[in-house]
Amino acid sequence: MNRNETNSLWLPGLGAIVLSGARPLFAIALALLASAGMIWASGVNPFTAYAALAQGAFGNIASLANTCVRATPLLLGGIGVAVGLKAGLLNVGVEGQIYAGGAAATAVGIIALPVSPWLHLVLAVLAGFLGGGLWATIPAYLRAYRGISEIVVTLMMNYIGLYFISWLVEFPGILAEEGAVFPQSPLVLKSAQLPILIRGTSLHTGLILGVGLAVFFFLLLRFSPFGFRTRMVGGNPEAAQYAGISVKRQILIVILVAGGMGGLAGTGEVLGLKLRLFDAFSGGVGYEAIAVALLANGNPLGVIFSALFFGALKAGANKMQIVTGIEASMAIVVLALAVLFVIAIGFGERKLGAIRKAKERNQTEREAQAYGD
Amino acid sequence: MHQTGETVLRMTGITKQFPGILANDNVSLELRAGEVLGLLGENGAGKTTIMNILYGLHKPDKGEIYVSGRKVEITSPRQAVDLGIGMVHQQFMLVDQLTALENAILGMPTARPPLIDLESVRVRFEKLAKEYQILIDPSTPVWQLPVGDKQWLEILKQLFRDAKILILDEPTAVLAPSQAQQLFKKIRQLTEEGGSVIFISHKLDEVLEITDRITVLRDGHAIGTIMTEDATPSNLAQMMVGRPVYSDRKQRPPLETKQEMLVIEDLCCNDDRGIPALKNLNLTVYAGEIVGVAGVSGNGQKELAENIAGLRQKVKGTIRINDKPVTGVIRDTSLLGYIPEDKHKTGLVANFSVEENMILKIFDTHPFTRWGLLQGDAVRRTAGALIEEYDIKTPDSTIPVRHLSGGNQQKVVIAREINGKPVLLVASQPTRGLDLGAVESVHDILLRERSRGTAVLFISAELQEVMTLSDRIIVMFEGEIMGELDAENANVNLIGGMMLGHREEHKDRARI
Amino acid sequence: MEISLSFISDWLAASIRSAAPLMLVSVGGVYVERTGIFNIGMEGMMLAGALAAIAGSFFTGSTFVATICAMAAGGVLGIAHAYLTVSRRANQIISGLAINILALGATNMLFARLFPAVKTRCRLYPVLAPEGLHDIPFLGPVIFSQSVIIWIAFILPLAAAWVMYRTTWGLNIRAVGDHPHAVATAGLSVFRLKYVGVILSGLCSGLGGSALVLSELGYFAPNITAGRGFIVLAALVVGKWNPIWAAVACLFFGGADALQLRVQAFGAVIPYQFLVMLPYLLTIAALAGFVGRTVGPKTVGQPYDPERL
C-alpha cells in the first residue's frame, strides 16, 4: 500500500499539507498542461477555455456555490478514503456506500417523526452514516478477519448497491413514490433537509459538515491513541500486532468509519441537494472521491483542497462547454490525468528518499540489508 | 587439496557504487580450474555484490572480467549462464507452484521451441540427480519439498546448465552440519571433474574445511588471498575484521539466588504451515541468568520466542512469566521485553519516527496519553533519555526510524523493550546483520540486564556468541531440547552433535 | 413465465452472446494477473475499445478495421498501465482506477464529438449461420446463429490455455507472478514478461469491448460497459486463474445476465435487480471461500524491484 511519508508525529499540521502538497500540485499542473494540449488540438484556445472554466467555478456567488456543492460529496467520501489509506486500506466502495447512505437517510427523511426538526435532521444524517457503515460491514469483516482484499469486495458491493437502490425506488414498497414518472422516492421532508447556506443557491450545510469532519479526522489521526494505532497498522501491521494491537479490530473499525463517511457523502446529496432518492443518482462520484483522496496524499485536511479543486473543475466545465464547446467531461479527464501523473512521479521521489537515506546510513555504519552484500 | 589448473576466471579492479555505499572498491580475484575458492567476509563486506556482478545482475562501474583468458562483458544472467557460470543465491530462487523439473528448465532453451519438452529433460534430470545422489522426484511441486531438498535442487539447476564455474552464496545457512558435509562431498566431486567453485561464507570453520584458497573481503576491499593450508582462524578473523578477535567469555558476577522467572511446561505448538514446531518443550529460566538457545535456524526457536510473547497460539502446555500465565499478546513491558528476530518486519514501524517507535507499546498509557490525547513532549522527553542512555546515533528523535543504520535501529528496539524494566527479556537473533561494534554493544546490554536481575533468554544461530554470553546453554533440534549444558565448560563438539539431533543424556534433564 | 425448450435455447443463446465479451477480456486478465500485475483498469480498456470499435465500423464500414481500432485503444491504455506499474512501480490499483476514470471521461468526450446525433448504427460482426445447420431445433439458435466474434471468444481461451501450459513462454508467465526473482536469475527478462502480460490484457479488453458493441448490443452509449470489466476480475478468482475455467465462469455470469433480462421482460415476481446482482454476490461468495480455496499468483499487486533480492 502507498506508504505515506508524513506519518510522523512531529510535522506541524500545515507542514504536513505543504510537504504532501508539492507532488500533487505538480501533477495537477502537468494534467492541466496536457489537457491544454488536447483543447488546443480541438482548435480552441486553451486560455479561453480555462478562463471560461474559472468563470464557471469562481466567477460569481452562484458559481462559487456550485463549486462547493459539487465538492461536498467528494470531500465527505474522500475523507473516508483518506482515513482508510492511513491504515493501509483502499476503500473502493464509496459509490456503493453513497447509495446505501442515501437510501438510509431518505428512509428516515421521508417519515414524519414526532420530533423537533433539528433532531429529525440529525437522525437522518446519522442514519446515512450508519447506512454507509452497514454497507461496508461485509468487506470490512472479510478484510479484517479473513484477509481478503477489500478492493474487489467493495467493488462488487458498489454494483449491488446500485441495483439495490434501483429496486427500492422502482418497486412499490418503502421508498418508491407512488405514481411517479421516473423511479424516485418521495420528497424528503423539510425538517430533514440540510439547511441552505446561501439563499438562492443550492449550497447546503453538507459542506460545513465535511470541513468539520476533515479537521476532526486530521486531529484524530495525529493526536489520539486511536490515530496512533491506525497509523501503526498502516505502517506495519506485523509490528502493530507485536505491540499488542488488535489489528483485525482496528481494520474493521477503520473500514466501517470509511464506509460511514461514504454514507455521509450520499446523505449530503440526498438531504441537501436532490431532496429525493433517484435511481443511479451517484453517477461515479464515489470513484472521483477516491481520486480526490489520492491527490491529497491521504491527508484529511488536504482532501478539502483537493475536493474543492475538483468541484471547481466540474462546476466550471459546464461553462467551458457553453462558451468554447469543449465537452464537460474534460473535467474528469483532467482529474484522471492528475492522479496518473501523481503516481508516475511518486516513484522518482521514493528513489531520492532512498539515496538520502543510504547516505545518512553510510555516515554512521555500513548497512548490508538493502543491497545484499 | 588437489591439483588445480590454469586460471578460468579473473576479475580485476571491480568497483561498484550503490547510492551512498561503495560496495566494491577495486576488488580483484582469480579462480583456477578445479579449485574451491573461498570468499570470506563479514556481512556488508561486498561478497554477494561482486558475485552478482559476475552473474550479470549488476553492472560494475569499473573493472574487467576475463573468462578463460578472454575478456567478457556480462550484462545479464543469460550471458553468465552461456559462459558456464552458475549461481546459487542466499534466498531460494524457486517457483513454488511449479515442479522441480519445471524449475530446472526455466529459462533454458528447448529442443522444439516454443514447446516445452518435458520428457527429454526429465531423463537428463534423473541422470544428473543420480550422479550427485540428489534424490528428488522431478514432478514434485517445489512447495512440497523440504528446505534441504530445495537447496539440492538449486545446485542441480546449475549443474543442469553445465555450470563450470559455480558460485555458492552461503549454501549451508539452511543445512544441518551433516547436510553440509554432504554438500562438501558434492563440491569435491564437481572439482574433481574440472569444475571450479566460489564458496561464499562468513563461517570460518567451513571455509577452512572445503576451500583451496581464500580471498578475504572487508568493507568493500579485497584484503588478500591466502592458501587455505596457511590459514588459521585467528589470522583469517584478523583479516576479516581488521583487528585481533577475542572469543573469551565476558566477566560476570556469579549467580546468586534461584528465582524462577520463566517456566515453560509441556509446550506444543505448530508453525505457520501447521506442522508441529515445538514438541513437549520444558524450560526454566531464572532471574539474573542468561540462557542461550543454540541450534540451526528453523528448529522452533522462532516459535518458542513467539509463544512466550503471546504472539503465537499454543496447542498444549503452559507458560508462566513471574508466575503469571501467558494468555495473549503481552503488552506489559514490566513483565516481558521481547526483541524479535526481524526488526524490520516485526520490531519497528519504518515510517514512524524514532520516538514513536520507542513508545510503540505504551503510547496509550500515562504519561503519553492524557485526557485521550497523545502528549508529544512526554514522548520526546522519554525518547531523548533513551537515546542518551543507549548511545543511539541519530540527529534527533523525530526523524523516521528507517533513516537509522541497522545497529542503531536495533538499539531503538532494545531500548524500548528494556525501558519498562521487564523481569524477563527474550532476545531473538539480536545481533543479526550488525557490525562488530554494534554486536559488542548488544552483548554489553544483555550482560547489564543480567546483572540487574533480569532473566534473559538469548536465541542465536551463531554458536560462538551463545557460548561467550550464556550461563547455561540449551540446544534445540526439531522443536525439542536436545540437552542442556553449563556454558563455562561447554564442549563444542557435544553441542554440535546436539544441534544435529543427538540427545544428551544428562542427569539433570528432569529439571529442565 | 413459461419454461419451455424454446425459452431455454433462447436463454442459452443470449447467455453466450452476453458472455463472449467477458470471455475475451478474461483471457487477458488471466495472463496479466499471472504475471503478478493487478489490472483493475480492464473496465476502462474495454470501454475505450468499445468506442473505438463503433467509430471504426461507423466510419469505415469494416468490422475488421473496427476490431483493430478496438484492440489498439485497449492496447494503448495497456501500455500506460504497464509503464506505470512495471517501470515506475506505482500502485497498481490506483493506476487501474485512474485509467478507468480517464477512459470514462475521454470516451464521453469523444462520443459527444464523433456522434453528435447519438445514433451509432453501423456494421456489426457477421453472423455464422450456415445453411441447414441453423435450422436445427435447439442447437441451431444456440450455436449456429452466433456472430464470428463469439466463435473467437470460445477459441481464444483454449488457445490461451495451450500456450500457457505447453510452451516455454507460458511457463515463464506462470513463474514470473509467483517468484519474479527466480525468473530473473534464470536469465529471463521480468520486465518484458510483465509488459507483455499487461499489454495483452489491454488488447483483449479492447477486443472484448468490440464484441460488446458490435455483437451483443449493437450500439454505443456513455459507460456502455457498466462494470463488465470488474465482473471479469471476479471470473479470474472463480476460475482460479486458468484460462478455460475463467471463461467458464464468464459463461455463468453471462447466463445470469441473460436470465435477468428475460425475467424483466416477463414481469416476474422477483425484481430483476436481484438477478443482476447475482454475479457480484457470487464473486464475494467466491472470495469468501465458499467456492473452494482461491490461491492466486503470489506476487500480484507487489511492485517488482530488481535490486532487492
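Which residues in H6(B) are buried? The answer is given below, under the heading for that helix.

## The model and its chains

This is a predicted model. Chain A holds 14 helices and 0 strands. Read from the N terminus, its elements run α-α-α-α-α-α-α-α-α-α-α-α-α-α. Of the 373 residues in chain A, 60% are buried. Take the contacts in chain A between residues at least 6 apart in sequence: 77% of them join residues at least 24 apart.

Chain B contains both kinds of element, with 16 helices and 22 strands. Buried residues account for 49% of its 512 residues. For contacts in chain B between residues at least 6 apart in sequence, 67% join residues at least 24 apart.

## Overall form of chain B

The C-alpha trace of chain B spans about 70 × 50 × 50 Å along its principal axes. A compact globule with 512 residues would have a radius of gyration near 24 Å, and chain B has 25 Å, so the value agrees with that expectation.

The domain assignment divides chain B into domain 1, residues 7–241, and domain 2, which is written as two segments, 260–335 + 422–511. The C-alpha centres of domain 1 of chain B and domain 2 of chain B are 34 Å apart.

## Helix H6 of chain B

Helix H6 of chain B covers residues 177–192, which makes 16 residues. At 1.5 Å a residue, the helix should span 22 Å; the end C-alpha atoms are 23 Å apart, so the two values agree.

The buried residues in H6(B) are Ala180(B), Leu183(B), Ile187(B), Leu190(B) and Thr191(B). They cover an arc of only 90 degrees around the axis, and therefore lie on the same side of H6(B). The face turned away from that buried side carries the exposed residues Ser178(B) and Glu192(B). Several elements of chain B are included in what covers the buried residues of H6(B): strand S3 (36–40), strand S7 (165–169), strand S8 (196–201) and helix H7 (204–210). After H6(B) comes Gly194(B), which has a positive phi, near 105 degrees.

## Arg472 of chain B

Is Arg472(B) buried or exposed? Arg472(B) has 20 C-beta neighbours inside 10 Å, and a residue with 20 or more such neighbours is counted as buried, so Arg472(B) counts as buried. This residue belongs to strand S21 of chain B, residues 472–477.

Leaving aside neighbours within four places in sequence, Arg472(B) is in contact with Glu289(B), Val291(B), Glu484(B), Asp486(B) and Ala487(B). Arg380(B) lies 92 residues from Arg472(B) in sequence, and the C-alpha to C-alpha distance between them is 39 Å.

## Where chain B touches chain C

The contact between these chains takes 20 residues from chain B and 18 residues from chain C. On the side of chain B that touches chain C, helix H2 (residues 77–82) of chain B gives the most, with 3 residues. How do the residues of this side divide into nonpolar, polar and charged, and how many are in each group? There are 11 nonpolar, 6 polar and 3 charged residues on the side of chain B that touches chain C.

Technical notes:
Residues numbered from 1 in each chain as written. Chains lettered and ligands numbered in written order. Predicted model: local features only at pLDDT ≥ 70, side-chain atom pairs only at ≥ 80, totals over all residues. Domains from an automatic or database assignment. Helix = DSSP H or I, 4+ residues; strand = E, 2+ residues; numbered from the N terminus. Expected span 1.5 Å × (residues − 1). Buried ≥ 20, exposed ≤ 12 C-beta atoms within 10 Å, placed from the backbone. Arc of directions from axis to C-beta. Contact = placed C-beta atoms within 7 Å. Nonpolar A, V, L, I, M, F, W, Y, C, P; charged D, E, K, R; others polar. Rg over C-alpha atoms; globule rule 2.2 N^0.38 Å.
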